[in-house]
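Good morning, and thank you for coming. I shall speak about one structure, which is now shown on the screen.

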Amino acid sequence: MRTTVGIIGAGPAGLLLARLLHNAGIDSVVLESRDRAYVERRQRAGILEQGTVDVLREAGAGERMDREGLRHDGIELRFARRRHRVDFPALTGGRSVMVYAQTEVCKDLIALQLKEGGPLLFEAEALAVEGAGTDRPRVRFRHRGTEEVLECDYVVGCDGYWGVARAAVPDGRSFERTYPFGWLGILADVAPSHDELVYARHDRGFALLSMRSPSVSRLYLQVPADTDADGWSDEEIWDELERRFETDDDWSLRRGPITQKSVTPMRSYVHEPMRHGRLFLAGDAAHIVPPTGAKGLNLAVGDVVTLARALAHRAATGSEELLDAYSATCLRRVWQAERFSYDMTTLLHTVPGATPFEDRLQLARLDRITSSRAAETDLAEAYTGFPIG
Ligand code: APR
Ligand code: PHB
């Protein structure tokens, strides 16, 4: 097989890149190790920044998002039984976010790719990227039991943290922080108990109320890093969520049947550079953020918008200047998202072994954010999104 751009991975990064390249008249092939059903039901993120919403609309992939997505103009911070709403438009000159799950973004992009785009091969596992430093890179992959080779002009590793592409970037540097806790996440068939997201800091641990639709709730509970989701009964989960969302007013948490339960580990990770010769890394293949800031998918979008723009510039002018700037351009935005995600995570989670002094610092940070427009604006600007490129 031969193509201009070989894309490894059909998550949000790989699928959106294929769409953007298609719209720019550049052919690509997407190799995805899993089957379509797995990719479309894998529960991950749920918040689209304003910039991501704009990109999906411009790419012709925003029609169902505009019909079914939920526009949110704020979030609630909850701590010491207090409730504080962060008003995004008022603090950011009109920006908001969209609640629309990455499973739905992937379904929309897969449908478009299969209808109009280049080859999207499921159950096609990339085994290695070869010749990244030459002008004839290639991807060795296994598809339907046969080993094949995809000859490319460029290869883009959109294969997530556990993919193979990053290993083909020699002499890279990685920066990492792991956390002693994770999130136990549930999907429940019950109307969300609040019309916006609620981020709760409690002495017993962090809790998050999110949603997938007016009738499906998505909630998370901070748990120790090695927690087994099956070790928690539905009733124990609801009881613990109720404790952590406690307030001084009459707010209450509605319960319902839990349809999915899983534990997400917490990690901050960046690999530099995000390029080696004709190989580029995008999305989770290059960086991971703790989900507290809802940045993972939105960072992937910024990477592939920057890369598609650079590849189109190269095709139109022969100039490599934007390709040469790709890694530095993306990393500036990546590190801002890493800083914000780390701040939100350390602001809201109770760290095992934290000293009373550190506990008071957390409450002082929350008090500052909820009483200073400048501090609140920093959170609102970061949450609704950093500019792309
Ligand atoms: N060959 C082919 N495909 C692979 C390989 C491989 N060797 N290894 C991994 N993949 C596939 C995975 O099956 C997955 O579908 O690559 C895809 C990577 O997708 P994501 O992990 O979703 O990463 P990315 O597209 O960068 O998305 C970034 O979006 O999914 C949300 O919040 C999540 O932070 C994440 C963000
Ligand atoms: C989600 O709805 O899955 C979600 C929302 C906000 C976050 C993380 C996850 O910060």
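I begin with an open space in the protein: the second largest pocket holds about 300 Å³ of space. Please keep in mind throughout that this is a predicted model.

Which residues lie nearest the centre of the second largest pocket? They are Thr-346, His-349, Val-351, Glu-358 and Gln-362, and they belong to a lining of 17 residues. Three elements each supply at least two residues of that lining: strand 12, which covers 173-188, helix 9, which covers 321-348, and helix 10, which covers 356-369. By residue type, the lining of this pocket divides into 7 nonpolar, 6 polar and 4 charged residues.

Let us turn to ligand 1. Its surroundings consist of 26 residues, and the closest are Ala-13, Glu-32, Arg-42, Ala-126 and Asp-284. Where in the chain do we find elements that each supply at least two residues of this shell? They are helix 1 at 12-23, strand 9 at 124-130 and helix 8 at 296-317. The shell around ligand 1 contains 11 nonpolar, 8 polar and 7 charged residues.

A nitrogen atom of ligand 1 lies 2.9 Å from a backbone N or O atom of Ala-126. An oxygen atom of the ligand is 3.3 Å from a polar backbone atom of Pro-12. For Arg-44, the side chain takes part: one of its N or O atoms is 3.4 Å from an oxygen atom of ligand 1. Taken alone, ligand 1 exposes 710 Å², and the protein buries 90% of that.

I now move to ligand 2. There are 14 residues around ligand 2, and those that come nearest are Tyr-199, Ser-210, Arg-212, Tyr-220 and Pro-291. Two of these names return when we look at side-chain atoms. A polar side-chain atom of Tyr-220 lies 2.6 Å from an oxygen atom of ligand 2, and a polar side-chain atom of Arg-212 lies 2.7 Å from an oxygen atom of this ligand. Thr-292 takes part through its backbone, with a polar atom 3.2 Å from an oxygen atom of ligand 2. How much of the area that ligand 2 exposes when taken alone does the protein buries account for? Of 280 Å², the protein buries 97%.

The elements that give two or more residues to the shell around ligand 2 are strand 13 (197-201), strand 14 (207-213) and strand 15 (216-224). The largest share, 3 residues, comes from strand 14. The shell around ligand 2 divides into 8 nonpolar, 3 polar and 3 charged residues.

Is Glu-240 buried or exposed? Glu-240 is found in helix 7, residues 234-244. This residue counts as buried because its relative accessible area is 5%, and buried means under 20%. The side chain of Glu-240 makes a polar contact with the side chain of Arg-243, at 2.5 Å.

The second residue is Val-156, which is found in strand 11, residues 146-157. Val-156 has a relative accessible area of 0%, and therefore it too is buried. The C-alpha atoms of Val-156 and Met-274 are separated by 9.9 Å, while these residues are 118 residues apart along the chain.

Thank you for your attention.

Definitions and conventions. Residues numbered from 1 in each chain as written. Chains lettered and ligands numbered in written order. Predicted model: local features only at pLDDT ≥ 70, side-chain atom pairs only at ≥ 80, totals over all residues. Heavy atoms only, no water. Near = heavy atom within 4 Å. Polar contact = N/O pair within 3.5 Å; in protein donor to acceptor, adjacent residues only side chain to side chain. Areas by Shrake-Rupley, 256 points an atom, 1.4 Å probe, with all protein chains shown as cover. Helix = DSSP H or I, 4+ residues; strand = E, 2+ residues; numbered from the N terminus. Nonpolar A, V, L, I, M, F, W, Y, C, P; charged D, E, K, R; others polar. 1 Å grid on protein atoms, 1.4 Å probe; cavity = no way out; pocket = protein on both sides within 12 Å on 5 of 7 lines; lining within 4 Å. Points joined across faces, edges and corners; volume = space filled by probe spheres on them. Buried < 20%, exposed > 50% of the residue type's maximum accessible area, 1.4 Å probe, protein only.
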